[in-house]
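Colleague: I am new to reading folds. Could you show me how to read a sheet and a helix pair?

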Amino acid sequence: MNELSIDPQRTIDPVEAHPKSETIDLTGAYQPTPSTEPNHPAPPADAPSIPGYIITGEIAKGGMGRVYAGRELSLDREVAIKTLLPEANAERFVTESKITAKLPHPNIPPVHALGTLGDGTPYLAMKLIRGSTLADELKARPGLEAELPRFIGIFEQIAQAVGFAHAQGIIHRDLKPANVMVGAFGEVQVMDWGLAREVRSAEFGVRDEESTTVSPEHTRAGTIMGTPAYMPPEQARGEAVDHRADVFALGGILTAILTGQPVFSGKTSIETIQNAAAGDTAKALERLNSSAADAELIDLAKRCLSVKADERPQNGQAVASLVAKYRIGVESRLRQAEADRAATVVRAGEQRKRRRVLAWSAVAVLVVSVIGTAVSVWKADEANTAAKSEAAQKVIADEKADAATKAEAATAVQLAIANDRTKSLGDAYSDFVFGIQNKLENRPGTQDLRRELLETARKGLAKILDDARKQ
């Protein structure tokens, strides 16, 4: 098998340069990321004929096989059908299918069927995911802070899926944004378990890493498989890895979400592998420190990217728990902030109401005082000059009218307080008071003026009462 190896001095044989986001598969070749466009090209003429299925289009073609869109006739449902090219490793393909089938989790695509074509080539039918990769979604966002809560929610689901796999003793070994699908309705699927394998774990009590389901050549040290931009140092050096390798890759995905860039990079893939093997995370940590994200997220990413495996969170579930703790904390702070804002609004409303009641109480006192003064002056003048019974009777009638006016004034004030018509009634009363003051300042005091004053008071109060009733 054509493998990319590291000798004891950790010198790396030259390889052809490829984009750093691609995956090194078991043949040593780099596999392009499959297209996820919903409108797939028509199936090629050499598309396989599979009993029980209809091929409707080609999704992707790589160095190891092809992925088709199809329909399962018995259940009339869409499926994705993966087949191998003649030179690909059929044993590994079957292993991938069986490993994926062992992971019944909402964030891992279910396997529907494993079979063989007429020539003995295996094929795999599984759930067809329509949507886009996390890599494409991150690339399309207008800025690093755009929709960050949504992307953190996606990351939490990825960590939960990986944590579930770890609980079954399975590690992915090729976690990256391009291997995560985000469906049209927000569903998150961790894809491409082609490099996954089962490991020995005292915590989970599962099989030896060289299980009978995986041949020794697929797991022995010295073999580099995965994506250099996201793989941990021990994986880049060709050493045996465990679930903490996936934790490092999870940190790489979180770093891409927070900074827009992967952990490792280089002008060529071999340079990227060298940086990964050396554990050169300095640039990634610098970008994280410059991020505007919350400190809890930055700290989690840095912990996952620890060069020493034993300094990372133990598994995917631990990462998911830390993200959930952060999310719950954010939601709690938002709820508290909303409660504080609501309490502030209520307090401000109560204060405004108290101020208005006090203001209208003062208005009531002033109105009654002005009317009382005007009536008293007028009554004294009328009493001194009323020589005839007709005049006295008029005074009595006017007193009754004055009493009615006072009652109307009190009614207007009470109605204003009840309806909280502060602005409109306040303006009306101000017009009334200023009108009286202008008359007192610009003309000498006479009996006619006092009568005119009372008449003005009556008209002003009538206007206030009329405005209150209209409102």
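Colleague: Which strands does helix α3 lie across?

Modeller: This is a predicted model. In it, helix α3, residues 148-167, lies across β10 and β11. Its direction makes about 40 degrees with β11.

Colleague: How do I read the sheet itself?

Modeller: Start with the general idea. Strands of a sheet pair through backbone hydrogen bonds, either parallel or antiparallel. Here three strands form an open sheet, in the order β8-β10-β11, with antiparallel pairing.

Colleague: Why is one side of β8 and of β11 left without a neighbour in the sheet?

Modeller: Both stand at the edges: β8 covers 131-133 and β11 covers 188-190. Each has a single partner strand, so one side stays without a neighbour. From one strand to the next, the twist averages 25 degrees.

Colleague: How many bridges join β10 and β11?

Modeller: Three bridges, in the antiparallel sense. Strand β10 spans residues 180-183. Look for Val180: opposite it, in β11, stands Val190.

Colleague: Now the helices. How do I describe a packed pair?

Modeller: Two packed helices are described by the angle between their axes and the distance between the axes. Take α7, residues 282-289, and α8, residues 295-304. They pack at about 170 degrees, with axes 10 Å apart. Angles over 145 count as roughly antiparallel, and α7 and α8 are therefore roughly antiparallel to each other.

Colleague: Which residues make the contact?

Modeller: From α7, Leu285, Leu288 and Asn289. From α8, Ile298, Ala301 and Lys302. By class, the contact of α7 with α8 has four nonpolar residues, one polar and one charged.

How values were computed:
Residues numbered from 1 in each chain as written. Predicted model: local features only at pLDDT ≥ 70, side-chain atom pairs only at ≥ 80, totals over all residues. Heavy atoms only, no water. Pairing = 2+ DSSP bridges. Helix = DSSP H or I, 4+ residues; strand = E, 2+ residues; numbered from the N terminus. Axes fitted to C-alpha atoms, helices over the stretch in contact; angles between N-to-C directions. Contact = heavy atoms within 4.5 Å. Parallel < 35°, antiparallel > 145°, perpendicular 65-115°, else oblique. Nonpolar A, V, L, I, M, F, W, Y, C, P; charged D, E, K, R; others polar.
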